[in-house]
Amino acid sequence: MKIHEKYMQRCLQLAKNGRVHAMPNPSVGAVIVYNGNIIGEGYTSSYGRAHAEVNAIASVKNPELLAHATIYVSLEPCSHFGKTPPCADLILKHKIPMVVVGASDPNPLVAGNGLRKIADSGAQVISGILEKECIESNIRFFTFHQKKRPYIILKWAQSKDGFIAPTSEKRNQNPEPFWITNTYSRQLVHKWRSEEAAILIGTQTAIDDNPKLDVRDWIGANPVKIVLDQKNRIPKENYIFEDKSKVKVLTSTEIDFGKNPAQQIAQYLYNVGLQSVIIEGGRQTLQTFIDAGIWDEARVFTGEVLFGEGMKAPEFSGSQPIKQSVLQDELLIFKNHDQHNYF
């Protein structure tokens, strides 16, 4: 492995540590190297706090070495005042002579300005190191700024014979939930929820399942709940309304459900600043996004149960999936490569 790739790989490892807490900021990794040795490391702190470059510079025990060091950063240093001062200015303040960057920042407030500012100071700038991997590490951030919509994950569980729910008669006979997957798969879903900005369901799912849409089987923050309810049919005593501050109900006032609703929903989520959403059903809602081609990942569980009849799983075809097993459950993860033309 070439030397720049070696240290950028370390930046990507560090960036993973901050991804959830940094939202909606990108999670960035930074490494400072002097004379072939790493003398400082950092990653993005929780939203509103120090960026990766700040943390890496602060970790250097011998600051005078910075004027002779190289800083590696997985995403272009910011050049604007937000909740924190520009990282580009901090790099210039310490006279770091070489800056190696993975990917340019797609945010219009930065978008190359950070690199230009550093280069104009006389420092050497190298960019595009492991660019594809650096973009992928912040794919939600890139999707939001380049596609002008959130990163969209479809998720459903289906029985071994291809149903996502039993018949209404079976539901009426047994008011308890019909679990398709095992406890560990359900815990994994709660972990996923903690990693995304929002979760979305349709009207019938909200009425039939009365879900909480929280992360009770994992540690983390609950996502914002987006509920489609064209005609205001969902009972106000349902679980989803327990924390009204984290619920957004989309009715016919906000969305024209007769005209490309997937595009309108994606636009709404973008307008309110939600960078990612996991869509958990029901079938009609999932099929709407599938048919429109507006999705980035599909995560499909197949359990051991057999329903014989009921509500069929969405009609779906995707690229070659990644296959995983969660005990007896099978998990297939598809990527929509048609949507990912960033590089």
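Strand β1 (residues 29-34) and strand β3 (residues 70-75) run antiparallel and are joined by four bridges. Strands here are DSSP runs of E with at least two residues, helices are runs of H or I with at least four, and both are numbered from the N terminus. One of the bridges ties Val-33 to its partner Thr-70 in β3. Before going on, note that this is a predicted model: local features need pLDDT of at least 70, side-chain atom pairs count only at pLDDT 80 or more, and totals for chains, interfaces and linings use all residues. Residues are numbered from 1 along each chain as its sequence is written, and side-chain values use heavy atoms, with hydrogens and water left out.

**The sheet and its helix**

Both strands belong to an open sheet of five strands, ordered β2-β1-β3-β4-β5 with mixed pairing; two strands pair if DSSP finds at least two bridges between them. At the edges sit β2 (37-43) and β5 (124-127), each pairing on one side only. From one strand to the next, the twist averages 15°. Helix α1 (residues 3-15) packs on this sheet and touches β1, β2, β3, β4 (98-103) and β5, with its direction at about 55° to that of β3. Contact means heavy atoms within 4.5 Å, while angles run from 0 to 180 degrees between N-to-C directions, with axes as lines fitted to C-alpha atoms, for helices over the stretch in contact.

**A helix crossing**

How do α11 and α12 cross? The axes of helix α11 (residues 261-271) and helix α12 (residues 283-292) come within 8 Å and cross at roughly 95°. That makes α11 roughly perpendicular to α12, a label for angles of 65 to 115 degrees. Pro-261, Ala-262 and Ile-265 of α11 meet Thr-288, Phe-289 and Ala-292 of α12. By class, this contact has five nonpolar, one polar and no charged residues. Nonpolar covers Ala, Val, Leu, Ile, Met, Phe, Trp, Tyr, Cys and Pro; charged covers Asp, Glu, Lys and Arg; the others, Gly among them, are polar.

On a 1 Å grid over the protein atoms alone, a cavity is a set of points where a 1.4 Å probe fits but cannot get out, and a pocket is an open set with protein on both sides within 12 Å along at least five of seven lines; lining residues have an atom within 4 Å of a point. Points are joined across faces, edges and corners, and a volume is the space filled by probe spheres set on them. The whole structure has one cavity of 30 Å³ or more. Its lining includes Met-23, Pro-26, Arg-140 and Phe-141, and helix α7 (residues 139-147) supplies the largest share, three residues.

The Met-23 to Pro-24 peptide bond is cis, with omega near 5°, and Pro-24 falls in the loop between α2 (19-22) and β1. Gly-281 and Gly-282 are also joined by a cis peptide bond, with omega about 5°; Gly-282 sits in the loop between β11 (276-279) and α12. Lys-95 is not a glycine, yet has a positive phi of about 55°.

Note on methods: Angles under 35 degrees count as roughly parallel, over 145 as roughly antiparallel, 65 to 115 as roughly perpendicular and the rest as oblique.
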